[in-house]
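Colleague: Hi! Could you walk me through this model before I set up my calculations?
Modeller: Happy to, let's bring it up and start with the terms for the metal site.

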Amino acid sequence: MKLLIPEKPVGIIGYGAYIPRYRIPASEISRIWHGESEGTPIKEKSVPGLDEDTITMSIEAARNALNRAQIDPKELRAVWIGSESHPYAVKPSGTVVAEAIGASESISAADFEFACKAGTEAVIAGMGFVGSGMGDYVLAVGMDTAQGRPGDVLEYTAAAGGAAVIIGPASEALAVIDAAYSFVTDTPDFWRRQTQKYPEHGQRFTGDPAYFHHLENSIETFFTETGTSAKDYRFAVFHQPNAKFPQKLGKEFGFTKEQFQTGLLSPMIGNTYSGAVLLGLSAILDIAEPGDKIFAAAFGSGAGSDAFSFTVTERIKSCRNLAPSTQAYIQRRTEIDYAVYARHRGKYIMN
Amino acid sequence: MEAPRHWRLKKQRYSLTGEVCPHCSAKIFPPRDVCPECGQEAKTAFQFSGKGEVFSYTAITDAPAGYQDQAPYAIALVKLNEGPIVTAQLTDLGTEPVRIGMPVEMVTRRIKDDGNERGVILYGYKFRPVMQG
Amino acid sequence: MLPVGEHWDLSLRTLGARAVRKALADSGNLQPDAIYIGNGLANILSHQANLGALISDEAGFPGIESCTFEAAGASGAAAFRAACMAVQSGLVDIAIALGVEKITECDGSTAQAAQDLILNYEFEGTNGLTVSAGAAIIAQRYLSEYHLDRSVFQNIALQSYQHAQGNPYAMYRNGITEAIYQKQPMKNHPLGLFDVSSLADGAAALVVTREELIPEESRDDMIRVLGSANAIAPLSLHDRHQLLQYRAASQSAASALRKAGLSLSNMDLLEIWDAHAIDVVLAMEAIGLAIEGEGWQTDMTTLSSMGGCLGRGNPLGASSAYQLVETVLQMRGEAGACQIGNLPKTAFVQSLGGLGSTAITHILGH
Ligand SMILES: [Zn+2]
């Protein structure tokens with residue numbers, strides 16, 4: 001059996017989004033580097049404030065998740081942060097987040113890194129932790145302040161944001177996690193060496209052999225093993241490095257626009273990397289109804305894909321409004337130009 | 001670099017953890033050994049909600065050393081719903097002008113790098129206009 | 001007293017020693033037993049602690065008693081009060097109170113950061129507050145509470161700069177017009193550039209002794225210390241029960257007057273702290289010279305008669321020593337172009353440190 005299903009059923013008992021308020025239109029990036037006329041992969045992307053990073057953004061998303069979970073933060077048994085933009089190379093983000101949200105000291109805290117699927121990797125680990133009975137509640141966060149080299153095609157999309165989920169017993173869940181599946185190979189499509197500021201990527205190699213190969217494998221295996229197909233889900237969310245890839249992927253498997261548009265946020269905010277799938281899931285949970293099934297498939301370069309299915313429960317109705325919605329963060333926006341963007345992203349050399 | 005000092009104050013800084021006086025119930029921030037209201041000993045931790053309103057404010061354009069990265073910024077006295085007033089920066093103001101009485105909520109943000117890019121990052125409370133929705 | 005300004009060619013010890021020697025010459029060359037030094041920032045800006053040994057030796061008095069007093073802007077007044085207490089107690093016969101500050105040793109941002117240490121570092125400074133921003137926050141609340149606009153600070157600033165025109169020791173001697181004031185850039189809204197004093201180098205000293213030790217021929221120049229008091233209020237703005245009440249100022253004023261057995265109405269000259277225009281407003285109200293909300297309306301002619309911190313310049317720990325020396329000059333009739341009409345027989349001198357968190361008041365008389 002290839003599926004990942006814990007002994008004790010588990011689910012999401014709280015979720016919370018975070019997206020910083022600044023936006024740079026793709027046309028503004030195009031104006032600087034490529035001329036006005038070039039087509040752009042998305043409309044605009046989110047940019048973190050001068051005082052924000054993966055830790056501060058994770059703290060806010062985690063507080064939102066705790067508000068919806070309605071548990072005492074002291075009941076958490078693990079705080080795991082998935083990101084490829086941890087503020088420190090050495091020193092965990094998880095301990096700062098745990099302290100800030102008031103978690104107990106008797107927890108596991110760690111940082112996950114698997115390019116864009118570090119967040120869902122933390123979710124899978126949380127499923128095992130709770131499902132094995134080692135603890136009742138695990139906080140798993142996917143959050144990034146992604147960097148794109150100035151002028152590189154990734155600069156259009158490398159955005160900031162993410163979401164936190166609290167994994168707990170299925171009996172308390174607002175969405176039960178039915179099953180997960182993870183598929184990985186050694187594929188160098190995108191990477192960043194230890195002290196480098198910007199990532200490198202294999203250009204068109206990031207498409208078929210990386211994004212599509214891994215997602216297709218994980219989705220196909222997941223569907224085969226669970227005996228489901230696109231029509232069994234009301235919503236679907238895929239990793240979304242741009243607007244085009246996830247739509248092409250979704251259509252390949254027979255998903256319709258109605259199924260994937262709620263979770264497709266990259267056209268409005270860009271690619272939030274480790275945050276992308278969890279943020280899309282958060283947008284779906286904001287409107288899903290009890291009984292709805294949700295399919296989610298993450299992709300991380302290097303490379304691998306995690307697939308999940310969720311079943312929404314009655315509890316969603318009572319806890320949904322206990323924190324700001326994903327759309328509230330999307331609609332809260334201040335547009336900035338390239339000069340301000342360059343300051344926010346530390347692109348000016350000051351010394 | 002002053003890692004011990006920031007470490008000692010992390011609970012206050014990260015999440016506005018203060019005290020409630022066991023004798024007169026006054027809420028106290030920052031925490032201190034002697035209650036400023038009744039003069040008796042106070043040591044019971046109290047978690048503030050982080051909600052409050054701007055009591056007064058100004059703008060800093062000529063930021064002090066270590067704070068230029070985020071200048072210009074607004075700094076305010078924020079009156080917490082539970083009573084005490086705290087000094088803090090305002091952030092994510094957007095186009096809304098700051099005014100006395102403006103409802104604000106606490107967020108945890110980067111305050112500064114302790115030393116330089118090699119130092120510890122100092123995180124702490126700031127306030128922003130209350131988020132809708 | 002040395003001119004306030006940018007003394008690129010003088011170090012901390014030279015500034016201090018010269019002021020000491022000038023004061024002694026003025027006293028008829030008394031020999032000091034002790035030198036009490038008021039200083040705020042030498043530890044940081046001159047990388048120098050232990051000023052007692054440094055400056056007193058430089059002034060030519062190895063072997064005497066000497067140490068430093070620090071109370072932010074009121075440091076010089078704290079040293080003066082220490083001199084009074086030492087002399088009055090009989091433990092010391094002749095004491096010198098020196099206020100000295102060397103600001104220009106470092107770049108401007110270092111000096112600014114040093115000054116900001118007079119705030120609560122852990123809960124104000126660390127959150128990015130500066131001294132002038134703190135004053136601006138108080139001013140903003142004041143304007144809001146009393147439905148006023150920032151023009152209320154204009155007269156205070158104009159008077160200080162006008163008085164400084166006649167003071168050869170002042171840093172800003174050109175005066176400013178209403179038009180210039182109104183076009184000023186904002187420092188920290190609602191306080192403009194002219195509402196906030198500038199830090200500068202300076203040193204001023206006074207000799208304190210008992211009457212019987214003063215040579216016969218110098219006794220006419222003698223000014224009596226009739227009352228002295230120091231009071232503190234919470235350091236942090238956020239810890240003050242009433243942000244718009246300078247409690248320390250009212251307590252130290254009342255206490256000093258009580259010790260002198262006098263009331264405000266007996267005072268011929270008032271020297272009020274004006275590091276920021278809002279300090280004057282709130283000091284006026286705290287002392288009882290104006291009712292709440294009207295501290296800005298007062299006739300300013302006898303406040304900071306030689307320019308105050310705004311016009312003379314603000315050598316932080318020395319400024320309160322300047323206030324005292326300037327008051328002595330007025331009482332002796334030696335204030336030159338700044339001399340007020342009738343020779344004052346009594347004077348009220350108040351110095352504030354740290355946005356009103358420390359207040360030291362002296363009552364002087366003939
Ligand atoms: Zn109490």
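Modeller: Four donors count as tetrahedral if all angles lie between 85 and 135 degrees, four count as square planar and six as octahedral if opposite donors are over 155 degrees apart and all others between 65 and 115, and anything else is irregular. Donors are N, O and S atoms within 2.8 Å of the metal (3.2 Å for Na, K and Ca), and water is not among the atoms, so sites may look incomplete.
Colleague: OK, and which shape does the site of the zinc ion have?
Modeller: The site is tetrahedral, with angles of 107 to 114° among the four donor atoms.
Colleague: Which atoms coordinate the zinc ion?
Modeller: The SG atoms of C21(B), C24(B), C35(B) and C38(B) do, at 2.3 Å. Along the sequence, the donor residues follow the spacing C-x2-C-x10-C-x2-C.
Colleague: Before I go on, what are the ground rules for the numbers?
Modeller: This is a predicted model, where local features need pLDDT of at least 70 and side-chain atom pairs count only at pLDDT 80 or more, while totals for chains, interfaces and linings use all residues. Residues are numbered from 1 along each chain as its sequence is written, chains are lettered from A and ligands numbered from 1 in the order in which they are written, and side-chain values use heavy atoms, with hydrogens and water left out.
Colleague: How many residues does each side bring to the contact of chain C and chain B?
Modeller: There are 26 residues from chain C and 36 residues from chain B. About 2,600 Å² is buried between these two chains, and carbon and sulfur atoms give 54% of that. In chain C, F123(C), N127(C) and H238(C) lose the most area to chain B, together 24% of what that side buries. Buried area is the accessible area (1.4 Å probe) that two parts lose on being put together, summed over both.
Colleague: And how many salt bridges cross between chain C and chain B?
Modeller: The rule finds four. It asks for a side-chain nitrogen of Lys or Arg within 4 Å of a carboxyl oxygen of Asp or Glu. One of them joins R5(B) and E122(C), with the closest N and O atoms 3.1 Å apart.
Colleague: Which element gives the largest share of the chain C side?
Modeller: That is α6(C), with six residues of the side that touches chain B. Helices (H or I, at least four residues) and strands (E, at least two) are DSSP runs, numbered from the N terminus. By class, that side of chain C has eight nonpolar, twelve polar and six charged residues. Ala, Val, Leu, Ile, Met, Phe, Trp, Tyr, Cys and Pro count as nonpolar, Asp, Glu, Lys and Arg as charged, and the others, Gly among them, as polar.
Colleague: Now chain B against chain A: how much area do they bury?
Modeller: About 2,000 Å², with 48% of it on carbon and sulfur atoms. D92(B), Y123(B) and M131(B) supply 27% of the area that chain B buries against chain A, more than any other three residues. The contact has 27 residues of chain B and 25 residues of chain A.
Colleague: How many salt bridges are there across that one?
Modeller: Eight between chain B and chain A. Among them, D51(A) pairs with K126(B), the closest N and O atoms being 2.9 Å apart. K10(B) and E99(A) also meet in a salt bridge, at 3.3 Å from N to O. That pair runs from helix α2 (residues 10-15) of chain B to helix α3 (residues 93-101) of chain A.

Technical notes: Contact = heavy atoms within 4.5 Å.
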